[in-house]
Amino acid sequence: MIKCEEVLKTLYEYIDKQLDESNEVQIEEHINLCRHCRRYHDFEIELKKMVSRSCFQKRAPALLKDK
């Protein structure tokens with residue numbers, strides 16, 4: 001089984017669905033079995049949702065867009 005350090009190293013790629021199928025399956029299996037890594041995974045998912053809700057409801061100021 002893949003080690004925790006490897007899972008945590010590629011967690012963002014896994015969440016963003018940027019891994020090949022083989023690696024994705026390995027990480028998913030590990031997260032389902034490992035409470036420690038599942039907590040990191042769940043935290044990052046919730047953080048991503050919160051950032052999405054908070055940041056994308058407002059538009060960037062025109063000055064920033066021009067830059």
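The exercises that follow treat cysteines, the core, salt bridges and the surface in turn.

This is a predicted model, in which local features need pLDDT of at least 70 and side-chain atom pairs count only at pLDDT 80 or more, while totals for chains, interfaces and linings use all residues. Residues are numbered from 1 along each chain as its sequence is written, and side-chain values use heavy atoms, with hydrogens and water left out.

**Exercise 1. Cysteines**

Determine how many disulfides the model contains, taking a disulfide as a pair of cysteine sulfur atoms within 2.5 Å.

Solution. Begin with Cys-34, whose nearest cysteine sulfur, that of Cys-4, is 3.7 Å away, and which is in no disulfide. Next take Cys-37: its sulfur is 3.6 Å from the closest cysteine sulfur, in Cys-4, and this is too far for a bond. The count of disulfides is accordingly zero.

**Exercise 2. The core and its neighbours**

Solution. The largest core has nine residues, namely Val-7, Leu-11, Tyr-14, Ile-15, Leu-19, Ile-27, Ile-31, Cys-34 and Cys-37. Two or more of these residues come from each of α2 (11-15) and α3 (21-33), and α2 gives the most, with three residues; helices here are DSSP runs (H or I, at least four residues), numbered from the N terminus.

Val-7 is placed in helix α1 (residues 4-9) and is buried at 1% relative accessibility. With the same exclusion, Cys-37 touches Cys-4, Val-7, Leu-8 and His-30. His-30 itself lies in helix α3 and is buried, with a relative accessible area of 4%.

**Exercise 3. Salt bridges**

Find the salt bridges, each defined by a side-chain nitrogen of Lys or Arg within 4 Å of a carboxyl oxygen of Asp or Glu, and state where the partners lie.

Solution. Side chains of opposite charge can pair when their charged atoms come close. The count comes to three salt bridges.

- Glu-6 pairs with Lys-9, their closest N and O atoms being 3.3 Å apart; because the two are three residues apart in helix α1, they are separated by about one helical turn.
- Lys-49 and Glu-46 meet at 3.5 Å, N to O, and both lie in helix α4, three residues apart, about one turn of the helix.
- Lys-48 and Asp-16 meet at 2.3 Å, N to O, and this pair links distant parts of the chain, since Lys-48 is in helix α4 and Asp-16 in the loop between α2 and α3, 32 residues apart.

**Exercise 4. A backbone angle**

Which residue other than glycine has a positive phi, near 55°?

Solution. The residue is Lys-17, with phi near 55°. Lys-17 is in the loop between α2 and α3, and it is exposed, with a relative accessible area of 63%.

Note on methods: A nonpolar core is a set of buried Ala, Val, Leu, Ile, Met, Phe, Trp, Tyr and Cys residues joined through side-chain atoms within 4.5 Å. Buried means under 20% relative accessible area, exposed over 50%, partly exposed in between (1.4 Å probe, protein chains only). Contact means heavy atoms within 4.5 Å. Lists of a residue's contacts leave out its neighbours within four places in sequence.
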